[in-house]
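Here's a quick tour of one protein model. Have a look at the sequence and fold first, then read on.

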Amino acid sequence: ELVIDEPLTERGRRSRERIVDAAASLVSERGAGGVRLDQILEAAGASKSQLYHYFSDKEDLVRAVIARRVDETVHCQGPQLEKVDSLAALRCWFDWLVEQNAERDCPGCPLGTLASELSGCDEAARVDLTTGFDTWIGYLVDSLERMKLSGELDDRADPHRLGAAVFASMQGGLLLSKTYKDPQYLRDALDAAYAHLLSLRPPDSR
């Protein structure tokens, strides 16, 4: 689990959040490697001494951006995914993902984008990103386990492998949709994952 040292005072928390806000916005626009600390300070209206009071270096600040993205992208979906206990409910979540992707003009996955850029060159960032992915996959695994316990999926279903496969389908679909600016790629990837899950229902329910 990501552990972030929070400032003790409300003023300190606001200062730190302002810096993270600016960094997150610039990283989204330019990538982590395309952003300089002086640009972040200018956008945040913060001094260099303030930045180094809360972060040891740029890599430390990037990890704070990752934590922000995990909270916005993964943890906020927890309450929604914790209610997914059937294939029909999972289908509704898939539809919601496609609708969100289309409404936002296919931005891709914020965590997936960071993983593509950082996982090969920043080990601490890679570990933080895998922690975020593990949490996201875990929500899917729990949902699939509920379906297996209820008898909607049969004994062939391995929730851990299926959860990772659904997540991989989603990430691949988001990447292709971002590249082509076409949400249909995400729809097709999720449709394929859903068709596979349907094939794992007990024979008498098909």
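Where does E123 lie? It's in helix 8, and keep in mind that this is a predicted model. E123 is partly exposed, with a relative accessible area of 49%. Its side chain makes a polar contact with the side chain of R126, at 2.7 Å.

Helix 8 also matters for the inside of the model. The largest nonpolar core has 59 residues, and I40, L61, W93, W136 and M170 are the ones with the most contacts inside it. Several helices give two or more residues to this core, among them helix 1, helix 2, helix 4 and helix 7. Helix 8 gives the most, with ten residues.

Leaving out residues up to four places away in sequence, L61 touches I19, V20, A23, L37, I40, L51 and F55.

Now for helix 10, which also gives two or more residues to the core. This helix covers residues 184–198, so to speak 15 residues, and reaches 21 Å from first C-alpha to last, close to the 21 Å expected at 1.5 Å a residue. Which of its residues are buried? They are L186, A189, L190, A193, Y194 and L197. Seen down the helix 10 axis, the buried residues fall within an arc of 135°, so they line one face. An α-helix has 3.6 residues a turn, so residues three or four places apart point the same way.

That buried set in helix 10 packs against these partners:

| Partner | Residues |
|---|---|
| Helix 6 | 87–103 |
| Helix 8 | 123–150 |
| Helix 9 | 159–180 |

How values were computed. Residues numbered from 1 in each chain as written. Predicted model: local features only at pLDDT ≥ 70, side-chain atom pairs only at ≥ 80, totals over all residues. Heavy atoms only, no water. Helix = DSSP H or I, 4+ residues; strand = E, 2+ residues; numbered from the N terminus. Expected span 1.5 Å × (residues − 1). Buried < 20%, exposed > 50% of the residue type's maximum accessible area, 1.4 Å probe, protein only. Arc of directions from axis to C-beta. Contact = heavy atoms within 4.5 Å. Core = buried A, V, L, I, M, F, W, Y, C linked by side-chain atoms within 4.5 Å. Polar contact = N/O pair within 3.5 Å; in protein donor to acceptor, adjacent residues only side chain to side chain.
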